[in-house]
Amino acid sequence: VKPVHSLEEMIYLSGKFPENIKLIASYKDGVMLSGAWLFINGNVVHTQYIATSAEGRQMGGFEMVIDYIQTHMDYEYL
């Protein structure tokens, strides 16, 4: 499946809207295991471009990302 946005577009958009577009990821030894881009608008948080590596699946990297989104992010406008 072809992504809607290129990496360059995501970097540009997240820089233009830093409170509305965020990448949340889990890492081991500086290597990304799993991640998800969040698009935040009002009381809606949409995850997109969700990915995990084989090691990320084995170590629960994506579960760490979801846990962080649910328990540690402060959405003052939600």
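In the protein chain, residues 24 or more positions apart account for 40% of the contacts with a separation of 6 or more. The structure is a predicted model. The chain contains three helices and three strands, arranged along the sequence in the pattern α-β-β-β-α-α.

**Overall dimensions and surface**

- Taken along the principal axes, the C-alpha atoms of the protein chain fill a box of roughly 35 × 30 × 25 Å.
- The protein chain has 78 residues, of which 26% count as buried.
- Its accessible surface comes to about 5,600 Å², and carbon and sulfur atoms hold 56% of that surface.

**The largest nonpolar core**

- Seven residues form the largest nonpolar core: Ile24, Ala36, Leu38, Ile40, Val65, Ile69 and Met73.
- Two elements, strand 2 and helix 3 (61-71), each give two or more residues to this core.
- Strand 2 gives the most to this core, with three residues.

**Serine 34**

- Serine 34 belongs to strand 2, which covers residues 31-41.
- Serine 34 counts as buried because its relative accessible area is 0%, and buried means under 20%.
- The side chain of serine 34 makes a polar contact of 2.4 Å with the side chain of threonine 52.
- A polar atom of the serine 34 side chain also lies 3.1 Å from the backbone nitrogen of phenylalanine 62.
- Apart from its neighbours within four places in sequence, serine 34 is in contact with Ile24, Ala25, Ser26, Ala51, Thr52, Gly56, Gly61, Phe62 and Val65.
- Of these contacts of serine 34, Ile24 and Val65 are also members of the largest nonpolar core.

**Residues with a positive phi**

- Most residues other than glycine have a negative phi.
- Aspartate 29 is not a glycine, yet its phi is positive, at about 50°.
- Aspartate 29 is found in the loop between strand 1 (21-28) and strand 2.
- Aspartate 29 counts as exposed because its relative accessible area is 74%, and exposed means over 50%.
- Tyrosine 49 is likewise a residue other than glycine with a positive phi, near 55°.
- Tyrosine 49 lies within strand 3, which covers residues 44-52.
- Tyrosine 49 is partly exposed, since its relative accessible area is 25%.

How values were computed. Residues numbered from 1 in each chain as written. Predicted model: local features only at pLDDT ≥ 70, side-chain atom pairs only at ≥ 80, totals over all residues. Heavy atoms only, no water. Helix = DSSP H or I, 4+ residues; strand = E, 2+ residues; numbered from the N terminus. Buried < 20%, exposed > 50% of the residue type's maximum accessible area, 1.4 Å probe, protein only. Contact = heavy atoms within 4.5 Å. Areas by Shrake-Rupley, 256 points an atom, 1.4 Å probe, with all protein chains shown as cover. Polar contact = N/O pair within 3.5 Å; in protein donor to acceptor, adjacent residues only side chain to side chain. Core = buried A, V, L, I, M, F, W, Y, C linked by side-chain atoms within 4.5 Å.
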